[in-house]
Amino acid sequence: MAVRSADRPIDKVREEVIDQLIVNYGHEQLSAEAFERRLDEALASSDIAELNELVRDLDLQSDKTYADRKREELAPRLDRPVGSSGDVEYSINVFGGNNRAGTWHVPKEIRMINVFGGAELDFTDAVFSHPTLRIKVLTLFGGASIYVREDVNTISKIVCVFGGSDCQAPASGSSDAPVVIVEGLVMFGGVSIEVKRTLREKFIEFANRIRGLRSAGRSTENRPSDATPLFKSSGPR
C-alpha cells in the first residue's frame, strides 16, 4: 500500500514536485514566469499540501529518461577516477595565487598554505573522488575563496587570529552527497566559503535546456521525438 502523501518525507515530495514542474515547463505547458514562480514556492515551502497544489493541474510526470539526465547534469559527481594522482594535493601560495575551477577530480584532502598570497577553489562542476573532502588551510597575511555546491554538506572549522572566516554555504545537503570540511588557522587574513551558483539557478538552466531540446526536435523533420513526448503523462486527475 502506498504511503500517504502527508506521511512522506518533505524533501522527497519537494524533489518530485520540482521534477514535475521542470518536465511540464520543458514541454511548454507552463510559461517561464509561471515556472519560476512555482519553483520559488516549491523551494520555500515546508508544507506537503502546498507542494502538491503546485502541480495539481499538471499532467506530465518525469520518467527514467528524465531521472537519468537529471542525475548526470545536476547531482554531485562522486566517482574515483582511474589513475588518480593520489589522495592528497598541495596548494602553496607565497606572494602569489592559484585558482582551480571547471571539471576536475577532487582528492581526499587538500592542504593549502597562503603566505602573502591566496587561492581560489571552485567545486561547482568538480568530480569528487571520495565521499568526504578535507581542506586544511594555513593562511598568514593572505586569503582563500572556496566555492561549493548548495547540495553538498559543508562544515567550517576555521580558527581565526586577527583574521576572519565567512561561511555562507549550507550544511544540509543530501545524506548521500559529498561532505566538504574546511579546517585550519587564519592569521591576518581571511577565508570565504560560499555558493557560486544556487540550486534555483541550476534548475532553471536545466529546464531551459530541456525546453530547448524539445524546440529543436520540432524543427527537425521526421524526428521520432517530434511526435512522442520526452516524458510520460499522468493521465486525467
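User: Why is Phe141 called partly exposed?

Analyst: Phe141 has a relative accessibility of 44%, and the scale calls a residue buried under 20% relative accessible area, exposed over 50% and partly exposed in between, using a 1.4 Å probe and protein chains only, so Phe141 counts as partly exposed. Phe116, at 43% relative accessibility, is placed in that middle class as well and therefore also counts as partly exposed. This is a predicted model, in which local features need pLDDT of at least 70 and side-chain atom pairs count only at pLDDT 80 or more, while totals for chains, interfaces and linings use all residues. Residues are numbered from 1 along each chain as its sequence is written, and side-chain values use heavy atoms, with hydrogens and water left out.

User: How many helices and strands does the protein chain have, and how much of the chain counts as buried?

Analyst: The protein chain comes to five helices and 13 strands, where helices (H or I, at least four residues) and strands (E, at least two) are DSSP runs numbered from the N terminus. Of its 237 residues, 37% count as buried.

User: How many aromatic pairs are there, and what makes Tyr25 and Phe35 a stacked pair?

Analyst: The search of the whole structure finds eight aromatic pairs. In Tyr25 and Phe35 the ring centres are 4.6 Å apart and the planes lie at 10°; rings of Phe, Tyr and Trp (its six-membered ring) pair if their centres lie within 6.5 Å, with planes under 30 degrees apart counted as stacked, over 60 as edge-to-face and the rest as tilted, so this pair is stacked. The pair links distant parts of the chain, 10 residues apart, with Tyr25 in helix α1 (residues 10-26) and Phe35 in helix α2 (residues 32-44), and both Tyr25 and Phe35 are buried.

User: Why is the pair Phe116 and Phe141 called stacked, and where do the two residues lie?

Analyst: The ring centres of Phe116 and Phe141 are 5.0 Å apart and their planes stand at 0°, so this pair is stacked too. Phe116 lies in the loop between β5 (109-115) and β6 (118-122), and Phe141, 25 residues away, in the loop between β8 (132-140) and β9 (143-148). Phe116 and Phe141 belong to one aromatic cluster with Phe95, Phe162 and Phe188.

User: Are Phe95 and Phe162 buried or exposed, and what is noted about their phi angles?

Analyst: Phe95, in the loop between β2 (88-94) and β3, has a relative accessible area of 66% and is therefore exposed. Phe162, in the loop between β10 (153-161) and β11, is exposed because its relative accessible area is 67%. Most residues other than glycine have a negative phi, whereas Phe95 has a positive phi near 55° and Phe162 one of about 55°.

User: How do you know that Lys196 has its charge over the ring of Tyr147?

Analyst: The charged end of Lys196 is 5.2 Å from the centre of the Tyr147 ring; a charge sits over a ring if NZ of Lys or CZ of Arg is within 6 Å of the ring centre and within 35 degrees of the ring normal, and Lys196 is accordingly listed as sitting over Tyr147.

User: Why is α1 called mostly covered?

Analyst: In α1, 12 of the 17 residues are buried, among them Val13, Val17, Ile18, Leu21 and Ile22.

User: What makes β3 and β11 edge strands?

Analyst: Five strands form an open sheet in the order β3-β6-β9-β13-β11, with parallel pairing, where two strands pair if DSSP finds at least two bridges between them. Of these, β3 (97-100) and β11 (164-167) each pair on one side only and are the edge strands. The parallel pairing of β11 with β13 (residues 190-195) runs over four bridges, and Cys167 stands opposite Ile193 in β13.

User: Why is Ala177 called buried, and which residues is it in contact with?

Analyst: Ala177, in the loop between β11 and β12 (179-187), has a relative accessible area of 10% and so is buried. Contact means heavy atoms within 4.5 Å, and, leaving aside neighbours within four places in sequence, Ala177 is in contact with Pro76, Pro131, Asp151, Val152 and Asn153.
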